[in-house]
Amino acid sequence: RAESSLGRVSRGVESSQGRDRRMSKGAAFVAAAPAAAAVPPPSIPRLILLDRDGVINEDVGAPGVIDPRQLQLTPDAGKAIGRLRRRGCHVSLVTNQSCVGKGIISESELCKIHERLGEMLLQEDGGAQLNNMYICTSTKEDDDVRMKPAPGMLFEARHDFGGKKSSCACLFIGDSLTDMMAAKAGGVELRVLVETGYGRGLMGRSAGMTPSLISEWSDEMNADLAEVLPFVYIQNLSAAVDWLLSDDDV
């Protein structure tokens with residue numbers, strides 16, 4: 001799949017939220033219990049990549065959020081992002097939004113959804129401003145190297161943050177198999193699967209309150225998860241940040 005075929009358009013920083021927007025598809029504007037162990041928090045990466053639906057906001061099912069009124073944050077998502085920003089982390093959104101490629105909503109309507117999402121995050125925590133947004137509006141038929149589970153958007157995010165040092169340490173938090181596949185393909189060693197969204201269905205059980213390192217596959221898990229081991233399984237975005245920052249009081 002050739003990068004030149006993507007018709008990608010990069011956008012400048014949004015004045016309202018101070019975020020970059022990157023889009024593809026020729027955008028006009030553009031078994032036993034799983035093997036698990038309690039896991040201590042890693043050194044805090046400076047780059048944090050987040051999926052959208054099921055991580056920042058509640059997943060509403062197909063075809064996804066198509067109206068800003070459908071948006072509902074996952075518990076304490078804004079506070080979690082605010083804590084990361086105050087800790088000096090660069091927090092970016094990495095999301096597939098094929099509802100645009102399918103013609104269900106327009107790119108301008110997707111902009112309004114993201115503007116409302118940004119407002120909701122800031123209402124919960126005044127520091128919860130996303131640094132960048134990487135958005136793929138393609139459909140599966142487009143064979144787009146930016147569309148998760150392909151790692152194109154993750155490569156962009158890492159390059160934009162670290163320049164030529166695109167191997168900079170980062171952490172990816174997602175709720176789906178495609179998230180974990182993209183993270184692994186993109187060389188992200190710190191992969192976190194949250195229970196919210198599709199996570200619990202993939203794992204076959206609740207995450208509970210304690211983060212668990214999943215290093216071996218078991219037959220109650222989705223079979224394809226065997227390809228993305230190891231990863232940390234945890235309740236939601238807020239719990240992931242609690243774990244990552246440990247006793248940090250920011």
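This is a chat about a predicted model of a protein chain, going from its overall make-up to some of its details.

Visitor: Hi! I'm new to this one. How many helices and strands does the chain have?

Guide: Welcome! The chain has 7 helices and 10 strands. Keep in mind that this is a predicted model.

Visitor: And how much of the chain is buried?

Guide: Of its 250 residues, 52% count as buried. The accessible surface of the chain is about 10,800 Å², and carbon and sulfur atoms account for 48% of that.

Visitor: Let's pick a strand. In β4, which way do the residues point?

Guide: Strand β4 covers residues 47-50. L47 and L49 point one way, while I48 and L50 point the other way. All of them are buried.

Visitor: Which strands does β4 pair with?

Guide: One is β5, residues 90-96, which pairs with β4 in the parallel sense over 4 bridges. Another is β7, residues 170-174, which also runs parallel to β4 and is joined to it by 4 bridges.

Visitor: Which residues sit across from each other there?

Guide: On the β5 side, L47 has H90 as its bridge partner. On the β7 side, I173 stands opposite L50.

Visitor: What do β4 and β5 make with helix α1?

Guide: Together with α1, which spans residues 77-86, they make a β-α-β unit, and that unit is right-handed.

Visitor: Changing topic: how many salt bridges are there?

Guide: A search of the whole structure finds 11. One of them is between D125 and R86, with the closest N and O atoms 2.8 Å apart. That pair links distant parts of the chain: D125 is in the loop between α3 and β6, R86 is in helix α1, and they are 39 residues apart.

Visitor: Is D125 buried or exposed?

Guide: D125 counts as buried because its relative accessibility is 10%, and the cut-off for buried is under 20%.

Visitor: What about R200, which residue is its salt-bridge partner?

Guide: That's E195, and the closest N and O atoms are 3.6 Å apart. R200 is partly exposed, with a relative accessible area of 45%, whereas E195 is buried at 14%.

Visitor: And R205, what does its side chain meet?

Guide: R205 meets E220 in a salt bridge, at 3.8 Å from N to O. This pair also links distant parts of the chain, with R205 in the loop between α6 and β9 and E220 in the loop between β9 and β10, 15 residues apart. R205 counts as partly exposed at 21%, and E220 counts as partly exposed at 31%. Elsewhere, salt bridges that share partners join D51, K148 and D179 into one network.

Visitor: How many disulfides are there?

Guide: The search finds 0 disulfides. As for cysteines, C136 is buried with a relative accessible area of 0%, and C170 is buried too, at 3%.

Visitor: Back to helices. Which residues of α4 are buried?

Guide: In α4, residues 152-162, the buried ones are G152, M153, L154, E156, A157 and R158.

Visitor: What comes after α4?

Guide: G163 follows α4, and its phi is positive, near 60 degrees.

Visitor: Which residues other than glycine have a positive phi?

Guide: Among them are D76, with a phi of about 60 degrees, and D143, whose phi is near 55 degrees. D76 lies in the loop between β4 and α1 and counts as partly exposed at 36% relative accessibility. D143 is in the loop between β6 and α4 and counts as partly exposed at 42%.

Visitor: Why point those out?

Guide: Most residues other than glycine have a negative phi, and most peptide bonds are trans.

Visitor: Then where are cis peptide bonds found?

Guide: One runs from A62 to P63, with omega near 5 degrees. P63 is in the loop between β4 and α1. Another cis bond goes from L229 to P230, with omega near -5 degrees. P230 is in the loop between β9 and β10.

Visitor: Thanks, that helps a lot!

Notes: Residues numbered from 1 in each chain as written. Predicted model: local features only at pLDDT ≥ 70, side-chain atom pairs only at ≥ 80, totals over all residues. Heavy atoms only, no water. Buried < 20%, exposed > 50% of the residue type's maximum accessible area, 1.4 Å probe, protein only. Helix = DSSP H or I, 4+ residues; strand = E, 2+ residues; numbered from the N terminus. Pairing = 2+ DSSP bridges. Right-handed = clockwise from strand over helix to strand, strands pointing away. Areas by Shrake-Rupley, 256 points an atom, 1.4 Å probe, with all protein chains shown as cover. Salt bridge = Lys/Arg side-chain N within 4 Å of Asp/Glu carboxyl O. Disulfide = S-S within 2.5 Å.
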